Amino acid sequence: MSNYLVMFVCTGNICRSPMAEGILKDMILDEFQEKHQVMPIEVLSAGTHAVNGYPASSHAIAVAHKHGINLTFHRSRAFTVHVARAADLILTMETNHTLFIKSMLPGIGTVYELKSFNCSNPERYSDVDVRDPIGASGEVYATVFDELKREIARVSQDIFNRALEKYRA
């Protein structure tokens, strides 16, 4: 039996997807501390155009640190078909990332834009893309972090339920 694998995908895997990975891992820890519930979840991130081995951007590290999340050990990972096939859920930061993955793996049914995943009101967003903060100020990174945290909090219970269903199956 394997854990439920969630993968966050952005472009370079040094800004958005590492922050998203850290946020969900932090929420999993909170679930354990609050409810003593161990979640059978593995969380990874990758980039559609990432070069393996780069650290998270300094602004991503700083913003995450302000929220008690340590990204200093993160190293970028290129998105691969092998990992995509292993993932139970792939959440992308942009429509272009979703299209990239679907072009690599036609028929894949586990990939969604984060902002549209389990969204009961799709009109809620005029744009499902999460802004890429690369090259922007720390304030922009903070805004993106807050958006990621809000979206991941919105879908976290569903992810937890899916993980427990897989574990119990």
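Asparagine 13 is buried, with a relative accessible area of 0%, where buried means under 20% relative accessible area, exposed means over 50%, and partly exposed lies in between, using a 1.4 Å probe and protein chains only. This residue sits in the loop between strand 1 and helix 1; helices (H or I, at least four residues) and strands (E, at least two) are DSSP runs, numbered from the N terminus. The structure is a predicted model, in which local features need pLDDT of at least 70 and side-chain atom pairs count only at pLDDT 80 or more, while totals for chains, interfaces and linings use all residues. Residues are numbered from 1 along each chain as its sequence is written, and side-chain values use heavy atoms, with hydrogens and water left out.

**Overall form**

- The secondary structure of the protein comes to five helices and four strands, and read along the sequence these follow the pattern β-α-β-α-α-β-α-β-α.
- The protein has a radius of gyration of 15 Å, which agrees with the value near 15 Å for a compact globule of 169 residues; this radius is taken over C-alpha atoms, and the globule rule is 2.2 Å times the number of residues to the power 0.38.
- Along its principal axes, the C-alpha trace spans about 45 × 40 × 35 Å.
- Buried residues make up 47% of the 169 residues.
- Of the contacts with a separation of 6 or more, 72% are accounted for by residues 24 or more positions apart, where contact means heavy atoms within 4.5 Å.

- Four strands form an open sheet in the order 2-1-3-4, with parallel pairing; two strands pair if DSSP finds at least two bridges between them.
- The edge strands, each pairing on one side only, are strand 2 (41-47) and strand 4 (111-113).
- On average, neighbouring strands of this sheet are turned by 25° against each other, direction ignored; axes are lines fitted to C-alpha atoms, for helices over the stretch in contact, and angles run from 0 to 180 degrees between N-to-C directions.
- Strand 1 and strand 2 pair in the parallel sense over seven bridges, and strand 2 is mostly covered, since six of its seven residues are buried.
- Strand 3 (residues 89-92) and strand 4 are joined in the parallel sense over three bridges, and leucine 91 stands opposite tyrosine 112 in strand 4.

**Helices against the sheet**

- Helix 1 (residues 16-35) packs on the sheet, where it touches strand 1 (4-10) and strand 2, and its direction makes about 170° with that of strand 2.
- Helix 5 (residues 138-168) lies across strand 1, strand 2 and strand 3, and runs at about 145° to strand 1.

- Asparagine 13 has a phi near 60°, a positive value in a residue other than glycine.
- Most residues other than glycine have a negative phi.
- Cysteine 10 has glycine 47 as its bridge partner in strand 2, and at 2% relative accessibility cysteine 10 counts as buried.
- The structure holds zero disulfides, a disulfide being a pair of cysteine sulfur atoms within 2.5 Å.
- Cysteine 10 is in no disulfide, and its nearest cysteine sulfur, that of cysteine 15, is 6.7 Å away.
- Cysteine 15 is likewise in no disulfide, and this residue is buried, with a relative accessible area of 3%.
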